Amino acid sequence: MPFIDSKITVALSESKKERLKTRLGQAISLLHKPESYLMVGFSDNYDLFMGGKKLEKGAFVSVRLLGDARREDCAKMTKAIAAILEEELGIPGDNIYTAYQGIANWGMGENLF
C-alpha cells in the first residue's frame with residue numbers, strides 16, 4: 001500500500017506525469033512493494049523554499065508505506081527518486097527532500113490491511 005506524493009516546483013505535462021508515474025512504479029520494488037498497489041500523486045508549480053530562498057527547481061517527495069521499510073532500502077529508493085527527478089525534470093539532487101513514513105493501519109475501499 002505505498003503512496004508517493006510529490007510537490008514539485010516545475011510544471012508537469014500529462015506525458016511527463018505518465019513518465020514519472022511509470023518510473024516511480026518501477027522503483028517501488030526497491031522497498032519490496034508491488035506496483036499494483038502503488039498510488040502516485042503530483043502537485044506541480046508548487047512553491048518550495050530552502051534556506052530562506054525560493055527554489056526554481058526543487059521537490060519534496062513523501063513516501064508512505066504499509067508497515068516499515070529497512071533503512072538500506074530507503075537509501076536505495078532515495079537515490080532512485082533523485083535520479084528520476086534529475087533526469088526527467090532537471091532538478092538537482094541537493095534540492096530534493098525525500099521522507100518515509102511507515103503506517104500500521106491502512107485501508108483501501110472497505111478493507112483494512
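The model is predicted: local features need pLDDT of at least 70, side-chain atom pairs count only at pLDDT 80 or more, and totals for chains, interfaces and linings use all residues. Residues are numbered from 1 along each chain as its sequence is written, and side-chain values use heavy atoms, leaving out hydrogens and water.

**The chain**

Two helices and eight strands make up the secondary structure, where helices (H or I, at least four residues) and strands (E, at least two) are DSSP runs numbered from the N terminus. Their order along the sequence is β-α-β-β-β-β-α-β-β-β. The C-alpha trace spans about 40 × 30 × 20 Å along its principal axes. Of the 113 residues, 36% are buried, that is, under 20% relative accessible area with a 1.4 Å probe, protein chains only. Contacts are heavy atoms within 4.5 Å; among those between residues at least 6 apart in sequence, 81% join residues at least 24 apart.

**Glu 88**

Glu 88 lies in helix α2, which covers residues 71–89. This residue counts as buried because its relative accessibility is 14%. Leaving aside residues up to four places away in sequence, Glu 88 touches Lys 16, Arg 19, Leu 20 and Arg 23. Its side chain also forms the polar contacts tabulated below; such a contact is a pair of N or O atoms within 3.5 Å, and within protein one must be able to donate a hydrogen and the other to accept it, while residues adjacent in sequence count only if both atoms are side-chain atoms.

| Side-chain pair | Polar contact |
|---|---|
| Glu 88 and Arg 19 | 3.0 Å |
| Glu 88 and Arg 23 | 2.9 Å |

How values were computed: Buried means under 20% relative accessible area, exposed over 50%, partly exposed in between (1.4 Å probe, protein chains only).
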